[in-house]
Amino acid sequence: MYQHTRLTTNRLGFFQKFRNFDYILLVCILLLGFISLATMYSTDGGEIKFHTKSHFTKLAVFTLMMLVMSFINIKYWFSIGYLAYVAVVGLLVGTYLFGITSSGSQRWINLYFINLQPSELMKIFIIVCLAKFFHRMKLENVNSIYTILTSLIIILLPMGLVIVQPDLGTAVLIAISGIAVLWFAGINYKYFIYTILGFIISLPFVIAFLKPYQKLRVLTFLNPDKDPLGAGYQIIQSKIAVGSGGIFGKGFLKGTQSYLEFLPEKHTDFIFTLFSEEFGFVGSAILLVIYAIIIYRIVAIGASSRSYFAKIFCYSFGAAIFVFITINMSMVLGLLPIVGSPLPIMSYGGSSMLATMIGFGIVMSARVHNQQLIA
Amino acid sequence: MFITGSLKFFIMIGIVSRLFFLQVKENKKYLTLSDKNRIREWKLAPVRGEFHDYFGNVIAGNFEAYQLHLIPEQVEDFRYVIYRLKDLLELSDNEFKKVLKKKNEIKPWETLIVSDNLSWQKFSKINNHLYDLNGVKPVISISRNYPFKENFTHLIGYVSQANQDDIESTQAIKKNFVPGLKVGKVGLEKTFEEKLIGTNDIERYEVNAYGRRISQLEFQKGEKGKTLRLTIDTEVQKLANELLKDKAGSICVMDIYTGAVIAMHSSPSFDPNLFVFGIGQDDWQLIRNDPMKPLVNKTLQGNYSPGSTIKPIVALSALENGIVNTSFTVRCTGKTEMYGQIYHCWKKKGHGYVSLRNAMKQSCDTYFYEVARKLGVDKLSETAKKFGLGEKVFGDLFDIEKKGLIPNTQWKKNALGKGWLLGETIITGIGQGYIQTTPIQLCLMTAQIANGGYKIYPHIVVDDKVKDQPIDKFTPLYKNSKNIKIVQDAIFGSTNEVMGTSYRSRIDNPKYQFAGKTGTAQVKKITEEERELDLKTFQIPYEQRDHALYVAFGPYKNPRYALSVIVEHGGNGSTTAAPMATKLFRLIIDRHKIRESLRNKKYLEI
């Protein structure tokens, strides 16, 4: 009887799956996509130019991909967990060997039809991989040396490959994604505390190994006014843009800071600055609410999932998205040093969006197949 | 779950509060920063105030200069256009190189001034070829013009490109500075810089991060500089220039009651228009190396021995101090021996017995040796200083003005550390030795004798209201007004009576009749052999010839004007300088009526 029920609930028809969709999440994602398109249109100076077109194409393709992914059983995503991880590590190695160098770092790999930034994908696939690793693990094994060491290797391997690109920012984000999984998997709190203590103690040594430009970023963050036209330029101009937005903003397409090209990297890392300048405090708060709803839905989907893999993935993915958003916003608001992390969905950049959409796809699949148990 | 949830919540709150802090609380600060970022001001050169003469003639004005600008960025094929321009404008290789150099110094969207003062022919030629010269802009810009050329050069000065020193020393220049701004370099142009400069037109543009203009937001019209009206009469000034043509020297004319300067000219002069757009190397060398020193304003900077023109002051001082009276006589034999030294009179045969009036009339040196000896240099210098010698006439008006030198015993002790020699007193009595005066001082001295011995303050600018009239204006400079009359009468004799040194230059018509004193200042000591030779002026090398001086006032019956003439190395005062006074007085007195009719009117109504 029990078996029977399980079997029947496992086999979902197309329309049943459709009904199982999390429409709130979907609407929020589409809304975000629309907002990002409008902002991209503004960065192009109020015309449909390269960035707008390209962003639209990616958004359309990847949203469609996410929808397709939702219909595929969560079991399948579980099964390819390690494979995907290995594939992305392979891509990272490939990047290290034949990558494309631009502005001093080798982050891109040419896959003939698309230029890909594998480190962005790793942010998601490390979650998939670790979630699979901890799936159905006995509680007493979770804190065993073997488990911890293995998971550390899983995290450190891609980190190392990204650091050599060099791209410390993304490496840290990958680590955060991985650590989020460890956290939700139930690894003892004391390990985290030890790690944090160890990090603080080793900080001076880490600083000694930092590249000059990385040191400069940290110093600039601490005192941006020291060199307002050099290293501090981005932070200062970004703060000016956000601050001059006021409560209701300067209005759509009327952001002087970005329109007059005072803002650097306005398509990518600083997209929130532009949005905030044009739509003000109210607009930014609304954007934050949308993000909050998305994260809340991801966590709720995790809570309602029956499989441990889905639960861990959703919790960790939600936490990771949260951290990405926080870091990006703190950076443009002058609360953190410039680390070069995009704002999910909003920022221009295919790899980042692909990774985020894959994440949403798996979450959506978990939602659709929330009664699915994974052996 | 609870931990992560609440952590997320608090971090979210943190970001929102940061947004609130930046966008709501600090909004004003960032809004101004953002405006500062995007709004850039462009200042245009202000329109300079003009100089008018007493009758409203423009003596330093503005004209529309035809210029050629181009913005390198807007030119498709810069090489083609610039070579095409070189042909059309017939630029020399040197000028062409300068333009190319300038181009490399500016940003591609900044204006390159290819030519700043084109002739109308070339300007219209360019306009005809514009179809072919993309990005080239013919521009009409306001620039300085001196229509009377060399006539007013030393008085008004000239303008030229502002340099670093100008910007640092003058606040108004700093405030209104734009590249290419022309500012006064010497003369009144420099003195009244702050009044003349005006204020910039300001264009406010929205710019992008690279400083490129996006759109014009505002245009704020600047104010033209103040126009200054001078006391100068252009006609008299022109005559002065004409009289001194090809000579080195100075002429100044002054109203003896108001102190208004009617004319003030230093020769040789040069065309100030040459400096407005930067003087060429050739022209500059020509002016700089001229042995007659056109760059020196001789009226104010020239320290000359006054020669016999000092005699009225010597006589006055002696009368005032009761050393001599009108009946005091001296026998002149052509030379006299004092303190073991022989002093010569200019007249070898001597004048015989001379009284004060005759001595002044014939400019007898022996008489004045004796008077000076009795008077003493200290009393003489006191009177001389009272009448404006040894002191800057215009105060701070001209920074180049020299004080001259009125020596006394104290001065020699302080400056040279030596005691005064009696022989030095004697030559001071005929305006030689240490004594030095500028032409404007001599003019002022004469004016103050002519007006009956009252203090006046010379000025050049009419509208420049002397804020507090000096309290000692028109205070008597004499102890006894009779003494002034005696001196005036003696000077009258010198010009209008037979045997007078400037008798040949007299005008008998009482309307123009004037009184004047000649002067001949030696530039070197005359040796005994030279004295024996008794050379004519033209036989002596130019640099060794005497300076010719003349001071005069007129009309004699009711004097209004005083003048001083100095011709460097002109030989004799009575043959070179005095005839100029004749011509000047005819004109000055003719012009007097027109001037009077204008006294209380701003401009002549025609």
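## A helix crossing, a buried helix and a chain contact

The crossing of α16(A) and α17(A) is left-handed.

In chain A, helix α16 covers residues 308–332 and helix α17 covers residues 350–368. Their axes come within 10 Å and cross at roughly 140 degrees. Angles over 145 degrees count as roughly antiparallel and those from 65 to 115 degrees as roughly perpendicular; α16(A) and α17(A) are therefore oblique to each other. On the α16(A) side, the residues that meet the partner helix are Ala310(A), Phe313(A), Cys314(A) and Phe317(A). On the α17(A) side they are Gly359(A), Ile362(A), Val363(A) and Ala366(A). By class, this contact has seven nonpolar residues, one polar residue and no charged residues.

Chain B consists of 606 residues, of which 43% count as buried. Its secondary structure comprises 24 helices and 19 strands. Among contacts in chain B between residues at least 6 apart in sequence, 73% join residues at least 24 apart.

Helix α15 of chain B, residues 311–320, is mostly covered, and ten of its ten residues are buried. The buried residues include Ile313(B), Val314(B), Leu316(B) and Leu319(B), and also Lys311(B) and Glu320(B). The elements of chain B against which the buried residues of α15(B) pack are listed below.

| Element of chain B | Residues |
|---|---|
| α16(B) | 356–362 |
| α17(B) | 365–375 |
| α18(B) | 377–386 |
| α21(B) | 439–450 |
| α22(B) | 481–496 |
| β17(B) | 515–521 |

After α15(B) comes Gly322(B), whose phi is positive, near 70 degrees.

The two chains also touch one another. Chain B contributes 27 residues to the contact, and chain A contributes 27 residues. On the side of chain B that touches chain A, at least two residues are supplied by each of α1 (2–25), α2 (27–38) and β8 (201–207). The largest share of this side, twelve residues, comes from α1(B). By class, the side of chain B that touches chain A has 15 nonpolar, six polar and six charged residues.

Finally, the confidence of the prediction may be stated. The model scores ipTM 0.83 and pTM 0.65. For chain B the mean pLDDT is 87, and 96% of the residues of chain B reach 70 or more. Where pLDDT is low, the predicted coordinates should not be read in detail.

How values were computed
Residues are numbered from 1 along each chain as its sequence is written. Chains are lettered from A and ligands numbered from 1 in the order in which they are written. This is a predicted model: local features need pLDDT of at least 70, side-chain atom pairs count only at pLDDT 80 or more; totals for chains, interfaces and linings use all residues. Two residues are in contact if their C-beta atoms, placed from the backbone, lie within 7 Å. Helices (H or I, at least four residues) and strands (E, at least two) are DSSP runs, numbered from the N terminus. Ala, Val, Leu, Ile, Met, Phe, Trp, Tyr, Cys and Pro count as nonpolar, Asp, Glu, Lys and Arg as charged, and the others, Gly among them, as polar. pLDDT is the predictor's confidence in each residue, from 0 to 100. A residue is buried if 20 or more other C-beta atoms lie within 10 Å of its own, exposed if 12 or fewer, and partly exposed in between; C-beta atoms are placed from the backbone. Axes are lines fitted to C-alpha atoms, for helices over the stretch in contact, and angles run from 0 to 180 degrees between N-to-C directions. Angles under 35 degrees count as roughly parallel, over 145 as roughly antiparallel, 65 to 115 as roughly perpendicular and the rest as oblique. A crossing is left-handed if the near helix is turned anticlockwise from the far one by less than a right angle, and right-handed if clockwise.
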